[in-house]
Amino acid sequence: MTHPTATTRAANPTSAEGRLLLTVEEAADQLGVGRTVMYRLLSSGAVKSVTLGRLRRIPRECLSDFVADLRSHQAENGQPQGGAA
């Protein structure tokens, strides 16, 4: 008798890590912020989203774009970028 092999979360299309489109809650989790902050980021346009019928989803690359914009703005303002001191 054979048993199904375990799959990694990244290979599982139903896990948030393997999907291209995330729910608001999943996107908030990926950024390490709360749901309310995520909705503020969406309504301000800081993070882009798409709609599928009545559903709002955040493309994974929009989270990367948001973080890159944050880093860029911090660099322009002379704020530290983090890392080793």
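# Close-up views of the predicted model

**View A. Strand E1 (residues 21-22) against strand E3 (residues 55-59).** E1 and E3 run antiparallel and are joined by 2 bridges. Within this pairing, Leu-22 stands opposite Ile-58 of E3. Helix H3 packs on the sheet, where H3 touches both E1 and E3, and the direction of H3 makes about 55 degrees with that of E3. The coordinates shown here and in the other views are those of a predicted model.

**View B. The hairpin of strands E2 and E3.** E2 and E3 also run antiparallel, with 3 bridges between them. Leu-52 stands opposite Leu-55 in E3. The hairpin has 2 residues between its strands, and Gly-53, in the turn, has a positive phi of about 65 degrees.

**View C. The open sheet of 3 strands.** The strands are arranged in the order E1-E3-E2, and the pairing is antiparallel. E1 (21-22) and E2 (50-52) each have a single partner strand, so these two stand at the edges and one side of each has no neighbour in the sheet. Strands in a sheet pair through backbone hydrogen bonds, in either a parallel or an antiparallel manner. Read from the N terminus, the elements of the chain follow the pattern β-α-α-β-β-α, for a total of 3 helices and 3 strands.

**View D. Thr-23, in the loop between E1 and H1.** Thr-23 has a relative accessible area of 17%, under the 20% cut-off, and therefore counts as buried. Apart from neighbours within four places in sequence, Thr-23 is in contact with Arg-57 and Ile-58. Across the whole chain of 85 residues, 20% count as buried.

**View E. Packing of helix H1 (residues 24-31) on helix H2 (residues 35-44).** The two helices pack at an angle of about 100 degrees, and their axes are 9 Å apart. That angle falls between 65 and 115 degrees, so H1 is roughly perpendicular to H2. From H1, the residues in this contact are Val-24, Glu-25, Ala-27, Ala-28 and Leu-31; from H2 they are Arg-35, Met-38, Tyr-39, Leu-41 and Leu-42. By class, the contact of H1 with H2 has 8 nonpolar residues, 2 charged residues and no polar ones.

**View F. The buried residues of H1 and the end of this helix.** Val-24, Glu-26, Ala-27 and Ala-28 are the buried residues of H1. These buried residues pack against E1, H2, E3 and H3. After H1 comes Gly-32, which has a positive phi near 75 degrees.

**View G. The largest nonpolar core.** This core has 13 residues, and those with the most contacts inside it are Ala-27, Met-38, Leu-42, Val-47, Ile-58 and Leu-63. H1, H2 and helix H3 (60-76) are the elements that give two or more residues to the core. In soluble globular proteins, nonpolar side chains tend to be buried together. Among contacts in the chain with a separation of 6 or more, 39% are between residues 24 or more positions apart.

**View H. Thr-36 in helix H2.** Thr-36 has a relative accessible area of 53%, over the 50% cut-off, and so counts as exposed. Val-24 and Thr-36 are 12 residues apart along the chain, and their C-alpha atoms are separated by 9.6 Å.

**View I. Val-67 in helix H3.** Val-67 has a relative accessible area of 35% and is partly exposed. The C-alpha atoms of Val-67 and Ala-46 are separated by 9.9 Å, and the two residues are 21 residues apart along the chain.

Methods
Residues numbered from 1 in each chain as written. Predicted model: local features only at pLDDT ≥ 70, side-chain atom pairs only at ≥ 80, totals over all residues. Heavy atoms only, no water. Axes fitted to C-alpha atoms, helices over the stretch in contact; angles between N-to-C directions. Helix = DSSP H or I, 4+ residues; strand = E, 2+ residues; numbered from the N terminus. Parallel < 35°, antiparallel > 145°, perpendicular 65-115°, else oblique. Contact = heavy atoms within 4.5 Å. Nonpolar A, V, L, I, M, F, W, Y, C, P; charged D, E, K, R; others polar. Core = buried A, V, L, I, M, F, W, Y, C linked by side-chain atoms within 4.5 Å. Buried < 20%, exposed > 50% of the residue type's maximum accessible area, 1.4 Å probe, protein only. Pairing = 2+ DSSP bridges.
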